[in-house]
Amino acid sequence: MKVDFVDLKRQHKKIEPEIEKAFKSALKRGDFILGQEVKLFENEFARYCGSKFGIGLNSGTDALFLSLLAMGIGPGDEVIVPPFTFIATANCVSYTGAKPVFADIDPATYNIDCSKIEKAITSRTKAVIPVHLFGQCADMDPIMRIAGRHGLKVIEDACQAHGALYKSHVTSHTSQVKKVGSIGDVGCFSFYPTKNLGGFGDGGMVVTNDEKIYRKLLLLRDCGRGPKDRYEHLVVGYNSRLDTIQAAGLRVKLKYLDLWNKMRKYNAGLYDKLLEGSENIIRPFSADYSEHVYHVYAVRLKNRDEVQAGLKAGNVATAINYSIPLHLQKAHKGLGYRPGDFPAAEKVCREIISLPMHPMLSRKEIEYTVKVLKKTAEA
Ligand SMILES: *Cc1c(COP(=O)(O)O)cnc(C)c1O
């Protein structure tokens with residue numbers, strides 16, 4: 001048996017006629033740049049998240065970068081980010097001329113450790129970027145409280161968590177369920193093909209309730225164009241538009257997002273059950289305040305590298321998300337961090353391995369993966 005890490009072909013097979021129809025009608029209209037499907041998808045996705053505005057962009061990276069610019073963050077400023085995430089979370093800060101400052105992760109959820117945020121705050125800190133890693137919401141209540149106390153902006157990196165829920169404890173008696181992306185000042189999403197909601201190429205979006213940020217992002221993504229004249233440029237903007245053809249495909253896929261997330265959760269539950277009792281395999285921890293959407297199903301093992309080789313020999317594809325924490329990446333060596341600075345992130349990087357995970361994964365594939373995993377883990 002051969003198990004793929006993700007299988008987009010299987011996922012797209014069922015919706016192929018719908019996708020083709022959407023692409024064809026965009027082709028007929030020919031409104032390839034900021035066409036009608038972009039506006040429709042922005043409205044639909046923003047509504048899905050529970051936010052007022054959506055701005056379609058060319059990637060999740062630009063969603064983060066342009067959000068920081070729209071908030072006026074730049075040289076001399078600091079932005080707090082976790083060291084265990086995809087590199088874009090820190091790069092976007094560097095692009096603006098501001099400095100990424102790392103705060104270690106919670107060893108159970110792998111999301112930013114709220115108790116470490118406050119220690120990283122200085123007089124230059126302007127924002128914090130919690131990442132909803134692997135599809136699990138960061139603990140947003142304490143983060144929003146800290147941000148409020150220190151006047152920081154909150155940029156949710158929701159690139160891996162489309163549709164994940166957070167149970168916010170408004171008071172000790174009441175709680176309120178919110179979608180990720182709608183809790184901070186902005187929520188940033190990627191539509192990279194393998195994300196929970198993925199396009200047919202690159203794409204991204206910012207959702208927000210803040211009309212001022214929304215207006216700024218509209219300028220920044222489209223060459224700084226004013227509303228009246230195509231060739232009047234009000235700010236030095238960028239070319240970061242979501243393609244009409246991507247929006248057309250994403251509108252079709254958005255209708256399936258909740259179902260596909262449910263299938264991911266079901267598959268994660270199956271993995272959990274089959275791995276129960278394996279003492280040397282640490283399963284994902286799902287916090288009670290979050291409804292996990294399992295973009296990634298990752299386990300931890302002491303003998304990770306041997307286990308990965310064993311799975312490979314058994315034809316099971318895996319990935320390491322992530323092997324190097326951001327503070328130890330060559331790209332960020334100028335920040336001056338050293339090994340040992342963030343022990344929780346460093347330990348997880350040594351032990352983590354991502355197993356095959358996608359909505360269409362079959363019970364047989366999961367059972368086989370667990371069989372090979374257990375065999376090599378316990379050898
Ligand atoms: C995918 C991802 C991004 C970047 O998205 P792109 O669309 O690839 O630019 C940012 N942050 C996280 C956590 C991601 O997983």
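Let me begin with a term: a polar contact is a pair of N or O atoms within 3.5 Å, and within protein one atom must be able to donate a hydrogen and the other to accept it, while residues adjacent in sequence count only if both atoms are side-chain atoms. Please keep in mind that this is a predicted model, in which local features need pLDDT of at least 70 and side-chain atom pairs count only at pLDDT 80 or more, whereas totals for chains, interfaces and linings use all residues. Residues are numbered from 1 along each chain as its sequence is written, and side-chain values use heavy atoms, with hydrogens and water left out.

With that in place, an oxygen atom of the ligand lies 2.5 Å from an N or O atom in the side chain of Thr61. Gln160 places a polar side-chain atom 2.8 Å from an oxygen atom of the ligand, and Gly60 has a polar backbone atom 2.8 Å from a ligand oxygen. Taken alone, the ligand exposes 380 Å², of which the protein buries 92%, with accessible areas taken from the Shrake-Rupley method with a 1.4 Å probe and, for residues, only the protein chains shown counting as cover.

Now the rings. The structure holds 20 aromatic pairs, where rings of Phe, Tyr and Trp (its six-membered ring) pair if their centres lie within 6.5 Å, and planes under 30 degrees apart count as stacked, over 60 as edge-to-face and the rest as tilted. One of them joins Phe53 and Tyr214, stacked at 4.4 Å centre to centre with 15 degrees between the planes. Phe41, Phe45, Tyr48, Phe189 and Phe191 form one aromatic cluster. Over the face of Tyr48 lies Lys179, 3.9 Å from the ring centre; a charge sits over a ring if NZ of Lys or CZ of Arg is within 6 Å of the ring centre and within 35 degrees of the ring normal.

Finally, how many disulfides does a search of the whole structure find? The search finds 0, a disulfide being a pair of cysteine sulfur atoms within 2.5 Å. Cys92 is in none, and the nearest cysteine sulfur, that of Cys188, is 7.7 Å away.
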